[in-house]
Amino acid sequence: MSDERDNIILLPGLRLVDPNEEPPAAEAPEQQRGPRPAAPEAVEDVELAGVYEEIKRFGPPSPALLQPALEAVLFACDKPVRFELLQSALGGVPAPALRGALTALTRSCESRGAGVRLVEVSGGWQLRTIARAAPYVSRVRGVKPVKLSKAAVETLSIVAYRQPVTRSEVEGIRGVDAGGMLRMLLERGLLKVLGRRDEPGRPLVYGTTPEFLEMFGLRDLSDLPTLRDLRELQADDARSSPVQPAGWDDSP
Amino acid sequence: MFAFQPDRYVVHTEVFDGPLELLLYLIRRDGIDVRDIPISHVTREYLGYLDQMEVMDLDVAGDFLVMAALLCELKSRDLLPRVNHGEEEEEEIDPRQELVSRLIEYERFRQASLQLAERDWLGRDVFARPNTQVARADRPVDPGVDAFGLLEAFYRVLESRAAEEPVHEVELEEYSLQERVTWVLRQLSMTEATDLRDVLVPIRGRSNRVITFLALLEMARLQMVNITQERHLGPVLLLLKIDPASADLSAIPIEA
């Protein structure tokens with residue numbers, strides 16, 4: 001078993017056009033057509049970036065068309081779309097108008113009992129099928145439903161809450177070897193290596209990926225349920241409130 | 001004193017992933033306050049459960065045995081009289097307190113993971129639009145294989161033959177994609193699934209190997225061949241999807 005660090009290959013940062021950096025001028029010089037370097041971002045940005053220049057010439061849709069156009073764009077995208085990219089995809093529609101349309105579309109999906117819901121996940125907006133339709137959708141999709149073992153979800157939550165976290169820290173909490181589990185979660189793209197910690201052995205530190213947020217329908221990491229929510233064991237952190245053992249009265 | 005009751009352990013559908021989970025299960029089952037664990041009782045139950053584990057995965061069993069040893073140690077401490085060293089008593093970490101802390105910490109994450117598990121998972125409960133090929137013409141085709149595995153296999157092939165490259169070239173050989181596709185088709189038609197290496201390694205000459213590799217990618221694009229990998233960094237397997245006799249090569253550019 002080789003160490004998982006051998007399997008890590010970093011992709012060069014993807015480049016994209018950030019619409020916010022574009023001057024509002026309608027006539028862009030010829031040489032600014034192609035994507036130009038900006039902050040590395042998710043893949044969907046790259047795909048939208050190419051069409052951004054063209055869309056800008058159309059201008060925003062009329063107020064009556066805004067919500068349908070928004071729904072149409074989201075329907076056509078296969079990844080959560082960031083707010084700013086939605087804005088540029090809709091011809092540079094003002095932010096308040098887009099926010100209003102997003103809210104209206106969210107409500108509309110619910111009130112008309114649609115089979116899709118508009119959700120905010122992983123820093124973007126996405127149309128997703130409703131959970132009650134899952135048996136039917138998964139059948140036509142022809143793929144097995146995503147599965148993760150109990151141990152895998154436990155490992156994921158430890159990393160999610162404790163990132164950046166080392167393998168030995170994960171093992172300390174779960175009390176079992178975590179190497180195989182971490183490797184599997186890395187391969188499935190739910191975890192990534194954030195780097196190495198400056199301590200003896202320079203251990204790798206792990207964190208979650210945008211795919212993790214997408215899979216669990218989380219807006220961002222702060223959207224995770226709070227950790228202190230202990231239902232069955234009504235004890236606060238034992239270290240913060242030391243407990244005096246009330247006599248370990250199980251004398252033989 | 002404490003009669004061993006084998007039938008108590010008979011019905012167990014739960015599988016425990018680790019010693020902490022098992023311990024928490026026993027504590028909850030018997031309604032024990034985690035901060036006030038009767039070590040003797042819990043140790044007995046814990047060891048009883050280990051006895052019942054018919055098939056022991058050695059790796060997991062090790063973790064369970066470490067916990068068993070700790071429990072036995074805690075129990076034996078209770079049996080010994082407490083030696084009072086007077087005023088200069090060292091404040092050492094109480095191993096029992098440490099175990100309690102670990103249990104509570106683990107339980108927090110276990111609860112969190114249960115909440116995660118209950119959420120609507122993408123690909124299980126809810127679905128988004130799949131990657132559509134029609135969306136953009138320049139979208140890369142998903143070859144169904146780990147790209148790094150493909151690259152690494154290719155580099156291995158390049159390296160493995162580096163020493164055997166001819167010292168001097170006699171003539172420049174030209175290869176066409178079409179010719180290479182035909183050649184690969186012939187190779188693949190002989191077997192059901194072929195390791196990528198078995199195809200590339202015997203080829204002499206780096207440029208020929210590169211063109212053959214490109215031909216393979218072209219064939220994957222045209223759905224002539226399936227490129228699969230059973231595990232990360234495992235062998236890359238090639239599976240023919242079409243009848244080589246009726247292969248339509250017209251879509252393949254002649255020039256590489």
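Biologist: How many helices and strands are there in chain A?
Modeller: This is a predicted model, where local features need pLDDT of at least 70, side-chain atom pairs count only at pLDDT 80 or more, and totals for chains, interfaces and linings use all residues. Residues are numbered from 1 along each chain as its sequence is written, with chains lettered from A and ligands numbered from 1 in the order in which they are written. Taking DSSP runs (H or I of at least four residues for helices, E of at least two for strands), chain A has 9 helices and 5 strands.

Biologist: Are α2(A) and α4(A) roughly parallel or roughly perpendicular to each other?
Modeller: Helix α2 (residues 63-76) and helix α4 (residues 95-111) of chain A have axes 9 Å apart and pack at about 70°. Axes are lines fitted to C-alpha atoms, for helices over the stretch in contact, and angles run from 0 to 180 degrees between N-to-C directions. Angles under 35 degrees count as roughly parallel, over 145 as roughly antiparallel, 65 to 115 as roughly perpendicular and the rest as oblique. The two helices are therefore roughly perpendicular.

Biologist: Which residues of α4(A) make the contact with α2(A)?
Modeller: Contact here needs C-beta atoms, placed from the backbone, within 7 Å. On the α2(A) side are Leu66(A), Gln67(A), Leu70(A) and Glu71(A). From α4(A) come Ala97(A), Ala101(A), Leu102(A), Ala104(A) and Leu105(A).

Biologist: And how is α1(B) placed against α2(B), oblique or perpendicular?
Modeller: In chain B, the axes of α1 (residues 19-29) and α2 (residues 39-52) come within 10 Å and cross at roughly 125°. That makes α1(B) oblique to α2(B).

Methods:
Contact = placed C-beta atoms within 7 Å.
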